[in-house]
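Have the picture ready as you read.

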Amino acid sequence: MQPAEFAARLRAVRSAAPLVQCITNFVTVNDCANMILAAGGSPTMAHDLREVEESVAGAQALVLNLGAVGELEAMLLAGKTANALGIPVVLDPVAAGATTLRRQACRRLLAELGFAVIRGNASEIRSLALGQRGGSGVDVSAGDAVTQQTLPQAAELTERLARRTGAVIALSGATDIVSDGHRTLLLHNGVPTMARITGSGCMLAALTGAFCGASPEHPFAAAAAAAAALGVAGELAEAHRLRSGAGNASFRTHLIDGVFRLTETQLREGVRYEVYQG
Ligand SMILES: Nc1ncnc2c1ncn2[C@@H]1O[C@H](COP(=O)(O)OP(=O)(O)O)[C@@H](O)[C@H]1O
Ligand SMILES: Cc1ncsc1CCOP(=O)(O)O
Ligand SMILES: [Mg+2]
């Protein structure tokens with residue numbers, strides 16, 4: 001994947017203006033909607049079981065966020081509708097391994113639906129890949145965070161989960177690992193402040209939905225470009241935050257602004273990535 005391809009996927013979002021249907025948690029729902037708008041898409045956050053089929057049918061992408069685990073039946077119905085219509089589905093497995101309810105929900109989601117992309121932090125992807133308990137909240141646990149030493153294991157886990165599910169797996173963190181099971185990219189953009197706000201992962205999943213909706217035939221490029229776009233926007237937001245001496249609340253606003261203002265040139269020239277060779 002060349003730098004121009006990242007910019008091409010951003011251009012596609014802005015020209016297609018995809019409608020992205022999200023079933024997501026009440027903590028970060030507003031940020032997810034604004035992130036989709038910032039990229040050039042249009043969000044709809046319908047979650048009632050009685051209307052999700054209709055809502056999905058008019059959308060170009062569906063995002064299911066496990067932070068809304070109480071809406072599991074609506075997620076399954078929405079996902080089946082999207083699968084039948086060929087609409088890409090993105091899963092954010094929030095705290096996937098933290099509770100019995102979530103582990104059971106993940107088993108059903110993976111068994112009953114097909115996903116274009118699954119985007120989670122290292123604890124969540126590890127728990128999905130190994131099918132076991134792991135992590136205790138929504139943030140990555142210290143032991144699971146990917147380091148230089150553990151990168152090969154994390155990449156291997158990501159590739160294995162991609163092959164098993166048929167989905168592109170996007171494991172986020174200081175380095176984002178994106179794999180379709182055959183190709184794996186390491187993306188190095190972003191700043192640690194992104195982990196100091198709630199919702200950066202949810203926003204990445206929402207953004208990935210917008211990129212997939214605009215480029216449904218290219219889920220790997222869409223997932224990588226969304227991760228790169230948020231990473232570069234994070235770097236712009238951090239520069240802004242440091243200049244103004246602000247904290248994480250302003251950073252959150254600047255992160256959304258960063259995606260809104262991101263140019264194709266900034267993305268093409270700012271993306272830092274490598275092909276993982278194993
Ligand atoms: N230490 C870090 N350095 C750079 N970027 C980071 C860091 N931690 C998280 N990010 C970025 O923040 C976004 C959300 O990732 P993450 O924090 O793993 O998700 P979640 O909020 O679901 O735990 C991603 O774009 C990721 O690249
Ligand atoms: C704090 C919290 N609790 C349930 S969902 C949620 C938001 C998690 O957002 P993110 O994983 O993007 O930080
Ligand atoms: Mg998360």
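Q: What makes Gly-181 stand out in the hairpin of strand 7 and strand 8?
A: In this predicted model, Gly-181 takes a positive phi near 95°. The hairpin has 4 residues between its two strands.

Q: How do you know that strand 7 and strand 8 count as a pair?
A: Two strands pair if there are at least two bridges between them. Strand 7 and strand 8 (residues 184–187) have 4 bridges and run in the antiparallel sense, so they meet that cut-off. To find the pairing on screen, look for Asp-176, which stands opposite Leu-187 in strand 8.

Q: What makes strand 6 a partner of strand 7 too?
A: Strand 6 (residues 168–172) is joined to strand 7 by 3 bridges, and the two run antiparallel. The cut-off is at least two bridges, so this counts as pairing. Here Ile-169 stands opposite Ser-179 in strand 7. Strand 6 and strand 7 also form a hairpin, with 3 residues between them.

Q: Which way do the residues of strand 7 point, and are they buried or exposed?
A: Asp-176 and Val-178 point one way from strand 7 (residues 176–179), while Ile-177 and Ser-179 point the other way. All of them are buried.

Q: Why is Gly-199 called buried?
A: A residue is buried if 20 or more other C-beta atoms lie within 10 Å of its own. Gly-199 has 23 of them, so it is buried. You can find Gly-199 in the loop between strand 8 and helix 8 (200–214). Apart from its neighbours within four places in sequence, Gly-199 is in contact with Val-27, Thr-28 and Asp-31.

Q: Why does Met-45 count as partly exposed?
A: Met-45 has 19 C-beta neighbours inside 10 Å. Buried needs 20 or more and exposed needs 12 or fewer, so a count in between is called partly exposed. Met-45 sits in the loop between strand 2 (42–44) and helix 3 (52–57). Leaving aside neighbours within four places in sequence, its contacts are Cys-22, Thr-24, Val-29 and Ala-33.

Q: Where does UniProt place the feature "binding site"?
A: The UniProt record, an unreviewed entry, places it at Met-45 and Gly-199.

Q: Why is Asn-34 called buried?
A: Asn-34 has 20 other C-beta atoms within 10 Å. The cut-off is 20 or more, so Asn-34 is buried. Asn-34 belongs to helix 2 (residues 29–39). Asn-34 and Ile-256 are 222 residues apart in sequence, but their C-alpha atoms are 7.1 Å apart in space.

Q: How many helices and strands does the protein have?
A: There are 11 helices and 9 strands.

Terms used. Residues are numbered from 1 along each chain as its sequence is written. Chains are lettered from A and ligands numbered from 1 in the order in which they are written. This is a predicted model: local features need pLDDT of at least 70, side-chain atom pairs count only at pLDDT 80 or more; totals for chains, interfaces and linings use all residues. UniProt positions are given in the numbering used here, feature names are shortened, and annotations may be inferred rather than shown by experiment. Two residues are in contact if their C-beta atoms, placed from the backbone, lie within 7 Å.
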